[in-house]
Amino acid sequence: MRGPGLFSDIGKKAKDLLNKDYTYDPKLTISTYSASGVGLTAAAVNKGGVYTFDVGSQYKYKNTLIDVKVDTNSNISTTLTITDIVPYSKAIASFKIPDYNSGKLELQYLHDHASFASVVALKQSPVVDLSVTLGTKAAAFGVEAGFDTASGNFAKYTLGIGLTKPEYNASIVLEDKLDTLRASYLHHLDEKQKTSAVAEIVRQFSANKNIVTIGGQYELDPLTTVKARFNNSGKVTALLQHELKPKSFLTLAGEFDTKALEKAPKFGLALALKP
């Protein structure tokens, strides 16, 4: 990644450690790729006793990636990604059938000291999202805004600053039209960045509400990682992930509410296989 990265990268590592891979539904994913650039992915999920399935195909040729996915609700999702139309740029077009108003066009440009991203909905009176980030890999400042062309008003505006060092990541983001402050700090405890601790504070000014979340991950061995998090709302969550073979993972996760012990805990299992 060049320069400061995109605005969405500010605070992303802390957010991923606190949220990524936590699942509370049985899920099976099987993926395979060929040397010709064709990939196939099939996934099945049980949500509340209802099974959903989807099948996706990816094809990569030079700087172009085409991704098509079909699910059991007869939705067809297509994403076309082209990199380096001009140097350091990326264009992403996506749409879903039969929802013809779901089309979006995204443009990204990354440079040594700046980045730019724009997302436009492909429909009448779209919402236009713009973001600009300035700085370096070590320190970045960015702004993001969404303009609703139908009402002529800003749908959102956000400010963010991020600091990145080999041993830590820190960020402060003002979002929800500057009504919410989200501050996070991630510290790596080893050189491989496999054992880490993270803390996040979310302050909503209008509601006078604070949410504090603390979490971490620990590498038990080169193939097994455990993660955990808890917040001041009383929810405790844990995860164990084991690499069965290269790029194939078994993940077990659970969550219970210490302030509502009468509620049944949540449990989930996910198996991702890449033959």
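This briefing covers the nonpolar core and the salt bridges of the structure above. The model is predicted: local features need pLDDT of at least 70, side-chain atom pairs count only at pLDDT 80 or more, and totals for chains, interfaces and linings use all residues. Residues are numbered from 1 along each chain as its sequence is written, and side-chain values use heavy atoms, with hydrogens and water left out.

**Nonpolar core**
- Ala14, Leu17, Leu18, Leu186 and Val198 make up the largest nonpolar core (buried Ala, Val, Leu, Ile, Met, Phe, Trp, Tyr and Cys residues joined through side-chain atoms within 4.5 Å).
- Helix α1 (residues 12-19) gives the most to this core, three residues; helices (H or I, at least four residues) and strands (E, at least two) are DSSP runs, numbered from the N terminus.
- Beyond its neighbours within four places in sequence, Leu17 has contacts (heavy atoms within 4.5 Å) that include Leu186, Val198 and Lys227.

**Salt bridges**
- The structure holds eight salt bridges (a side-chain nitrogen of Lys or Arg within 4 Å of a carboxyl oxygen of Asp or Glu).
- Within helix α1, Lys12 and Asp16 are four residues apart, and their closest N and O atoms are 2.7 Å apart.
- Glu144 and Lys156 pair at 3.9 Å, N to O, so strand β10 (residues 139-148) is tied to strand β11 (residues 153-165).
- Glu255 in strand β18 and Arg229 in strand β16 are 26 residues apart in sequence and meet at 3.8 Å, N to O.
- Shared partners join Asp129, Glu144 and Lys156 into one network.

**Accessibility of the paired residues**
- Buried means under 20% relative accessible area, exposed over 50%, partly exposed in between (1.4 Å probe, protein chains only).
- Lys12 is partly exposed at 37%, as is Asp16 at 26%.
- Glu255 and Arg229 are both buried.
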